[in-house]
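Here is a brief report on one protein model. Look over the sequence and the structure first, then read on.

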Amino acid sequence: MYKIKADKLATFFDNFSIPILFLWSLWFLYPLIVSGFVSDDSYISQVRGMLYFSDIGIFDRIAQQVSYELSMGRPHAINWIFLLSYFYLIPSLLVHKIIIFMIIFLNIIFFKKIIEFLSESKKFSIVIAFLIPIFFQFRFWHDPILAFPTIPVVSLSIFVSLYLLIKYLQTNKNLFYYIFLFIFTMSIQFYEIYYLTIIFSFLILYFFNKSLKKSFILIALPVALLILSIFLTSYLRFDTPGDYPGHSFNLEIIPIFKAFWIQTFASFPSSWML
């Protein structure tokens, strides 16, 4: 009798794991829903009002920002095209929070699919998916969940890219690979964190092919695109003086490892209490 109930419970959970995961994620992300515009969002969200009082159009404002970013040595135009267009089209705080929640939830879903491919276990991927929200934490002022919609979007682009690569490997349909290349090309102009996708892509290719040669062939074009992007970024940053330290190279190894340690430690549950 207990076995039958356990089997029914397992079947129910398997069939409704996504809706349950949705509610589970919503519970952990509740502070996101009830918070206001945080950090840079409190400024960028006023883009409509700024355009009204400046008497310029959204396209002129985007051109100004992209020009400024280039002068600072950062050629990530798509980032600002997205940000300014996003807050121009979606001035509502509630709608903005709902969209960000859905983007984060999609991150979890695609990450689950990737884990399922690597582990070859749907149940294990479900367990991992339910563990992810436990790691969500919120901090003022610069927080990748409460603020900066670009970061969840870039994170989603990483997982979608990897998922498309997996679909290509599973189906051998070139369309998936072409879409992967398109998203890869667009996303490397978003934010530098996307560069890590090249490492994960190669690992997935090798995991599937068990051949370094085949893996290198498939990753060659993305690597070339990434090198081109890094070269352009490096050229602009060294060629333009810039007065914003966040756009400058810093090759001091100790601060780099210190920042990496702080960010890694901060990802663990309840680390904010220490």
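## Overall fold

Along the sequence, the protein reads α-α-α-α-α-α-α-α-α-α-α-α-α-α. That is 14 helices and zero strands. Helices (H or I, at least four residues) and strands (E, at least two) are DSSP runs, numbered from the N terminus.

The model is predicted: local features need pLDDT of at least 70, side-chain atom pairs count only at pLDDT 80 or more, and totals for chains, interfaces and linings use all residues. Residues are numbered from 1 along each chain as its sequence is written, and side-chain values use heavy atoms, with hydrogens and water left out.

## Burial, contacts and surface

The protein has 274 residues, and 39% of them are buried. Buried means under 20% relative accessible area, exposed means over 50%, and partly exposed lies in between (1.4 Å probe, protein chains only). Contact means heavy atoms within 4.5 Å. Among contacts between residues at least 6 apart in sequence, 73% join residues at least 24 apart.

The protein exposes about 16,600 Å². Carbon and sulfur atoms supply 72% of that area. Accessible areas come from the Shrake-Rupley method with a 1.4 Å probe; for residues, only the protein chains shown count as cover.

Side chains of opposite charge can pair when their charged atoms come close. Here, a search of the whole structure finds one salt bridge. The term means a side-chain nitrogen of Lys or Arg within 4 Å of a carboxyl oxygen of Asp or Glu. E116 and K112 form the bridge, with their closest N and O atoms 3.6 Å apart. The two are four residues apart in helix α8, so about one helical turn separates them. E116 is partly exposed, at 29% relative accessible area. K112 is buried, at 10%.

K97 also sits in helix α8 (residues 93–119). The side chain of K97 does make a polar contact of 2.9 Å with that of S35. A polar contact is a pair of N or O atoms within 3.5 Å; within protein, one must be able to donate a hydrogen and the other to accept it, and residues adjacent in sequence count only if both atoms are side-chain atoms. Leaving out residues up to four places away in sequence, K97 touches L32, I33, S35, G36 and L146.

## A nonpolar surface patch

V127, L131, I134, F135, W261, I262, F265 and F268 form a nonpolar patch on the surface. Together they have about 750 Å² of accessible area. Patches are made of residues with over 30% relative accessible area and no salt bridge: like charges are joined within 9 Å, nonpolar side chains (Val, Leu, Ile, Met, Phe, Trp, Tyr) within 5 Å.

Helices α9 (122–131) and α14 (253–266) each supply at least two patch residues. The largest share, three residues, comes from α14. F268 lies in the segment after α14. F268 is partly exposed, with a relative accessible area of 45%.

## Positive phi in two loops

Most residues other than glycine have a negative phi. S39 has a positive phi, near 55 degrees. S39 lies in the loop between α3 (30–34) and α4 (41–44), and is buried at 3% relative accessible area.

F148 has a positive phi of about 60 degrees, although it is not a glycine. The loop between α9 and α10 (150–171) holds F148. F148 is buried, with a relative accessible area of 16%.
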